[in-house]
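Student: Could we go through this structure together? I would like to begin with the helix packing and then turn to the ligand.

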Amino acid sequence: MPDSLPPRHAAQPDVVIAGAGFAGMYLLHRLRALGLRVRVFEAGHDVGGTWYWNRYPGARCDVESMQYSFSFDPELQQSWNWSERYAAQPEILTYAQHIAERLDLRRDITFNTRVTALHFDDAAQVWHVTTDTGEALAARFCVMSTGCLSTTKLPEIPGIQDFAGATYHTGQWPHEGVDFTGQRVGVIGTGSSAIQAIPVIAQQAAHLTVFQRTPNFSVPAHNWPMRPEYEGAWKAEYPERRARAKQVRNGILMSINPESAVAVDEAARQKVYEERWQMGGTQFMGAFGDLILNRESNETAAEFVRGKIRSIVKDKALAELLCPQGYPIGTKRICVDTGYYETYNRGNVSLVDLRAAPIEAITPQGVRTTAAEYAFDSLVFATGFDAMTGTILAVDIQGRGGQTLRAAWAEGPRTYLGLMVAGFPNLFTITGPGSPSVLTNMLVSIEQHVDWITTCLATLQDRGAASIEATQAAQDDWAGQVAAAGNRTLYPNTASWYAGANVPGKPRVFMPYIGGVPAYHRICAEVAAEGYRGFAIRAMAEAG
Ligand code: NA7
């Protein structure tokens, strides 16, 4: 809860930050240390971002707790104790709240408030900031730390407002929780959120009906209560292990077998997949080095998982419906579950295949497909997010000369390093499109972006500079590199939220930079070391 200390809000802060998830919190901490006056606006009534909103049953991180945590505070990483290999949402939220208290962050955060407009004033070189509570202020710098999966997406289904029972979106779950005991529940969607929620809801509901359009690949988490020797080994070597994690493409310390899946024989391949399956979690995709590069290699992993589904789900026809086909494993974000496929062996769970019979409408009673009508007490929309750009573009952002970000990104987001946009001086994005972001351990990517921005602002301070802006040439070059990196992989052709495919009308552009954490960190460091290559830094006199 927000604490009781009086706020010390600056009338005209140096920096406005939108969002008080992990990114906004850490950035506030770093910028305070520079002596900057900072205001943070947060739509929720407390810190935590993703972990504040996504309170659906079974919500859990798919990066191990020992790694999905901040590294910047050595004492914090030694003193904090995680209770499980993979932390559940309530524990991660408690961690975020603990950090807010430890660093006394809440006094600079205005809760229950969204930034609605950012307009750049060319003459004064400031951003005019407006909020949904009617506040108007000006700041030299703005940072969008608004998260990549924070604008929920309801399906475009006729009659969605007509349902007479209760409706929920996984990404906006009621704080008091939901008791489905005795209810007929429908879940629409089979992405990560659904795959985590379904096993838990099935244990409560009288009957659970899952509406599946596209089956997803899911691997077991094999979660366990934290083992003291495991935790101890991490804590004894935290700095070294954190550094090694940054040498791995996704920023997660795990072994990636450099071999090609098709360079070994069938028996050896199956052995490797089985070992990875037993390890649990996303490291399954590290079984071979070319799974995201080579369709033939990828198919061997996909078929292994299909074999697992067929061995777990007793009803053969149902197992076939759950087997993903037609897109490479991992190119839609791989899911990590606890008992997902096993849930379909329960008598109170059924699957509706929407490819055979699409949804026609939501009715007052439930869901009508082209084949049948299903009655429910509650409907759960596990239908995802307008990812990466949705929350940024929901703000009316107007840069130099009044140009809108919406127009600048009409054909897909273009950034320089995923940090800034040409024509929008002094406006930063954290883990934005064009950076490794959602393909990585977000905490690693957040820390790197916050550290880079902090050093950048300190440099501007030292030079007495008024503004920094990505040049068009550097941005065009980076957009080319982002596309080229994507095109070297199997990702861009899959209809995923990474590519904007889940939002009708959204440009189909593979948004994150897939060149890997080590290369990306090196490039960002080189750019800064070379006097912010590709950025124009202007003194006050050059304004406009
Ligand atoms: P996702 O991964 O975007 O999943 C959304 C699911 O909802 C997916 O199965 C969709 O099917 C389904 N969907 C969306 N619209 C519809 C309609 N109209 N009808 C039927 N089904 C629909 O969101 P999540 O919240 O699960 O996960 C997001 C990320 O959070 C995840 O990747 C992790 O990084 C954490 P589709 O595949 O489009 O056919």
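This is a predicted model: local features need pLDDT of at least 70, side-chain atom pairs count only at pLDDT 80 or more; totals for chains, interfaces and linings use all residues.

Student: How do the axes of helix 14 and helix 16 cross?
Tutor: The axes of helix 14 (residues 442–463) and helix 16 (residues 517–529) come within 11 Å and cross at roughly 5°. Helix 14 is therefore roughly parallel to helix 16 (angles under 35 degrees count as such). Helices here are DSSP runs (H or I, at least four residues), numbered from the N terminus. Axes are lines fitted to C-alpha atoms over the stretch in contact, with angles from 0 to 180 degrees between N-to-C directions.

Student: Which residues make the contact?
Tutor: Helix 14 contributes Val-444, Gln-448, His-449 and Trp-452, and helix 16 contributes Val-517, Tyr-520, His-521, Cys-524, Val-527 and Ala-528; contact means heavy atoms within 4.5 Å.

Student: Now the ligand: how many residues surround it?
Tutor: The ligand is surrounded by 18 residues (a heavy atom within 4 Å), the closest being Thr-190, Ser-193, Arg-213, Thr-214 and Lys-332.

Student: Which atom of Thr-190 lies 2.9 Å from a ligand oxygen?
Tutor: That is a backbone N or O atom of Thr-190. For Trp-497, a polar side-chain atom lies 3.1 Å from an oxygen atom of the ligand.

Definitions and conventions
Residues are numbered from 1 along each chain as its sequence is written. Side-chain values use heavy atoms; hydrogens and water are left out. Helices (H or I, at least four residues) and strands (E, at least two) are DSSP runs, numbered from the N terminus. Angles under 35 degrees count as roughly parallel, over 145 as roughly antiparallel, 65 to 115 as roughly perpendicular and the rest as oblique. A polar contact is a pair of N or O atoms within 3.5 Å; within protein, one must be able to donate a hydrogen and the other to accept it, and residues adjacent in sequence count only if both atoms are side-chain atoms.
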